[in-house]
Amino acid sequence: MRVPAQSVCTAIRDDIVSGVFPRGSRLTEELLARRYGVSRVPVREALRTLESEGFVTTRRHAGACVAEPTEQEAADLLEVRTLLEPLGAARAAQRRTEAHLKVLRGLVRLGQERVRRGQGEDLRSLGGWFHETLAQASGSPGLTALLTQLRHKIAWMYAVEQSARPAECWAEHGAIVDAVARGDAERARALTALHTERAVAAHRLRQPGAPKREQERVRTSQHAENIVSGRY
């Protein structure tokens, strides 16, 4: 059975984000095909996609390599996110379905329950799922794809400190959902802008060659998010 290039792309991207493939390292088709148990054809397609996303670059005499973004490029990503997420929330208020609202409300309840019980281990994954669902509720596939790509790249470049105010964070999520449910686009936009700006302060630029323990934490978190969002 032929493995879709999209699945191979997801696997390579996850390994880049988690630090399995360090920045600047070579990505040979033969090595990747052997690692994922596929032919070189889907690997080649996946590398082209990852190059268009900015995770991979092609160097003369070296071939495909993991990209090495600058600090300015990393800072730009956070700024773009603060602009696009509020737009997505505003559109969600106008285009969301009852199914979207059901998932969003369920995630808020689950997050708040975890906070009350002091179970913070999977709050980050739940938060990622919340924002991904909110983006999907915008009814704009292009915007959803951009926001998903941004989240991947930000997770690659930044470590995020554990929130010191998880209850407030999930209260903000709840307020955003309420605004979306009422169809109040401007309030949804304003609340999401404030929430995103506060979240930016918790981001710390990840240094290339992060400790193995940190790489494993990122890989575990990414894997959990992929499972709940149905990427595998």
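This is a predicted model: local features need pLDDT of at least 70, side-chain atom pairs count only at pLDDT 80 or more; totals for chains, interfaces and linings use all residues.

**Exercise 1.** Find how the axes of α5 and α6 are arranged, and which residues make the contact.

*Solution.* 
- Start with the two helices: α5 covers residues 98-117 and α6 covers residues 123-136.
- Next, take the geometry: their axes come within 10 Å and cross at roughly 160 degrees.
- Angles over 145 degrees count as roughly antiparallel, and α5 and α6 are therefore roughly antiparallel to each other.
- Now the hand: α5 and α6 cross in a left-handed sense.
- On the α5 side, the contact is made by His100, Val103, Leu104, Leu107, Val108, Leu110, Gly111, Arg114 and Val115.
- α6 contributes Leu123, Leu126, Trp129, Phe130, Thr133, Leu134 and Gln136.
- Finally, sort the contact of α5 with α6 by class: 11 residues are nonpolar, four polar and one charged.

**Exercise 2.** Work out the packing angle of α1 and α3 and the hand of their crossing.

*Solution.* 
- Helix α1 (residues 5-17) packs against helix α3 (residues 40-53) at an angle of about 55 degrees, and their axes are 8 Å apart.
- That angle makes α1 oblique to α3.
- The crossing of α1 and α3 is right-handed.
- From α1, the contact takes in Ala5, Val8, Cys9, Ile12 and Arg13; from α3, Pro42, Val43, Glu45, Ala46, Thr49, Leu50 and Glu53.
- By class, this contact of α1 with α3 holds eight nonpolar, one polar and three charged residues.

**Exercise 3.** Describe the packing of α4 and α7.

*Solution.* 
- The angle between α4 and α7 is about 145 degrees, with the axes 10 Å apart.
- Their crossing, that of α4 and α7, is left-handed.
- Among the contact residues are Leu77, Leu84, Glu85 and Gly88 of α4, and Leu143, Leu147, Arg151 and Met157 of α7.
- The contact of α4 with α7 divides into 12 nonpolar, one polar and five charged residues.

**Exercise 4.** How many cavities of 30 Å³ or more does a search of the whole structure find, and which residues line the largest cavity?

*Solution.* 
- The search finds one cavity of 30 Å³ or more.
- The volume of the largest cavity is about 40 Å³.
- Its lining consists of Glu85, Gly88, Ala89, His131, Leu134, Ala135, Leu147 and Arg151.
- By class, the lining of the largest cavity has four nonpolar, two polar and two charged residues.
- To link back, Glu85, Gly88, Leu147 and Arg151 line the largest cavity and also take part in the contact of α4 with α7.

Terms used: Residues are numbered from 1 along each chain as its sequence is written. Side-chain values use heavy atoms; hydrogens and water are left out. Axes are lines fitted to C-alpha atoms, for helices over the stretch in contact, and angles run from 0 to 180 degrees between N-to-C directions. Helices (H or I, at least four residues) and strands (E, at least two) are DSSP runs, numbered from the N terminus. Angles under 35 degrees count as roughly parallel, over 145 as roughly antiparallel, 65 to 115 as roughly perpendicular and the rest as oblique. A crossing is left-handed if the near helix is turned anticlockwise from the far one by less than a right angle, and right-handed if clockwise. Contact means heavy atoms within 4.5 Å. Ala, Val, Leu, Ile, Met, Phe, Trp, Tyr, Cys and Pro count as nonpolar, Asp, Glu, Lys and Arg as charged, and the others, Gly among them, as polar. On a 1 Å grid over the protein atoms alone, a cavity is a set of points where a 1.4 Å probe fits but cannot get out, and a pocket is an open set with protein on both sides within 12 Å along at least five of seven lines; lining residues have an atom within 4 Å of a point. Grid points are joined across faces, edges and corners, and a volume is the space filled by probe spheres set on the points.
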